[in-house]
Amino acid sequence: MKKEDKGLLIDKIKEILSQYSVIYLADINMLDAERTSAFRREAFKQGIKVYCVKNTLLHKAMELSDEDYSGLYPALVGSTALLLSDTGNAPAKLIKGFRKKKETIPTFKAAYVEQTVFMGEENLEALVALKSKNELIADIVALLQSPAKNVVSALQSGGTKLHGVLETLSKKED
């Protein structure tokens, strides 16, 4: 490959990386053509982009990027597939779901999620359990609504009790 072509590819990879806050590195090399197509289809359904890249080109693109991807450099060995998403746990769930047939493929190498680096297979479960930004917002809203609902409920039920007590007292005085 010519040096100019490599430069263009590096710029393209850098541009792609800048569009996503979640980057996963995996090895899907041992999947056959049918399983690779199934993996890519499932990734597409979940809004995850999958690219197979050369490690040296990816490394150079990461070096040129505004983000600090240096924690991912040790994972750039062997065959590398780049999984890009806007949801922190989506690629982890994809990898785990694809392994349900007692396979170890695809192999999780590393992830960069919201400026945090996760290295190695042992972190895959933690990434699956990681909540997305929207899920966290929904949890906070539910927590904030819960006390207000309890107060309203108590006032409504207390109002009928209070009304009953006052009515009883007013009849008692007659």
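## Salt bridges

A salt bridge is defined here as a side-chain nitrogen of Lys or Arg within 4 Å of a carboxyl oxygen of Asp or Glu. Lys 131 forms one with Asp 139, with the closest N and O atoms 2.6 Å apart. The model is predicted, so local features need pLDDT of at least 70 and side-chain atom pairs count only at pLDDT 80 or more, while totals for chains, interfaces and linings use all residues. Residues are numbered from 1 along each chain as its sequence is written, and side-chain values use heavy atoms, with hydrogens and water left out.

The structure holds three salt bridges. In another of them, the side chains of Lys 96 and Glu 125 meet at 3.2 Å, N to O. Lys 96 lies in helix 4 and Glu 125 in helix 5 (residues 124-129), so this pair ties together parts that are 29 residues apart in sequence. Helices (H or I, at least four residues) and strands (E, at least two) are DSSP runs, numbered from the N terminus. A salt bridge also joins the side chains of Glu 121 and Arg 99, at 2.8 Å, N to O. This pair links distant parts of the chain, 22 residues apart: Glu 121 is in the loop between strand 5 (116-119) and helix 5, and Arg 99 is in the loop between helix 4 and strand 4 (107-113).

## Accessibility of the charged residues

Relative accessible area is computed with a 1.4 Å probe on protein chains only; buried means under 20%, exposed over 50%, and partly exposed in between. Lys 96 is partly exposed at 34%, and Glu 125 is partly exposed at 46%. Lys 131 counts as partly exposed at 44%, as does Asp 139 at 33%.

## Aromatic pairs

Three aromatic pairs are found in a search of the whole structure. Rings of Phe, Tyr and Trp (its six-membered ring) pair if their centres lie within 6.5 Å; planes under 30 degrees apart count as stacked, over 60 as edge-to-face and the rest as tilted. Phe 39 and Phe 98 form an edge-to-face pair, at 5.1 Å centre to centre and 80° between the planes. Phe 39 belongs to helix 2 (residues 33-45) and Phe 98 to helix 4, and the pair links distant parts of the chain, 59 residues apart. Both Phe 39 and Phe 98 are buried.

The rings of Tyr 69 and Tyr 112 have their centres 4.8 Å apart and their planes at 65°, so this pair is edge-to-face. Tyr 69 lies in the loop between helix 3 (55-64) and strand 3, and Tyr 112 in strand 4, so the pair ties together parts that are 43 residues apart in sequence. Tyr 69 is buried, with a relative accessible area of 1%, and Tyr 112 is buried at 4%.

Asn 89 is found in the loop between strand 3 (80-85) and helix 4 (90-98). Asn 89 counts as buried, at 4% relative accessibility. Leaving aside neighbours within four places in sequence, Asn 89 is in contact (heavy atoms within 4.5 Å) with residues including Tyr 24, Leu 127, Lys 131 and Glu 135.

## Largest pocket

A pocket is an open set of points on a 1 Å grid over the protein atoms alone, where a 1.4 Å probe fits, with protein on both sides within 12 Å along at least five of seven lines; lining residues have an atom within 4 Å of a point. About 220 Å³ of space lies in the largest pocket. Among the residues that line the largest pocket are Val 22, Asp 86, Glu 114, Lys 131 and Asn 134. Helix 6 (residues 133-173) gives the most to this lining, with three residues.

How values were computed
Grid points are joined across faces, edges and corners, and a volume is the space filled by probe spheres set on the points.
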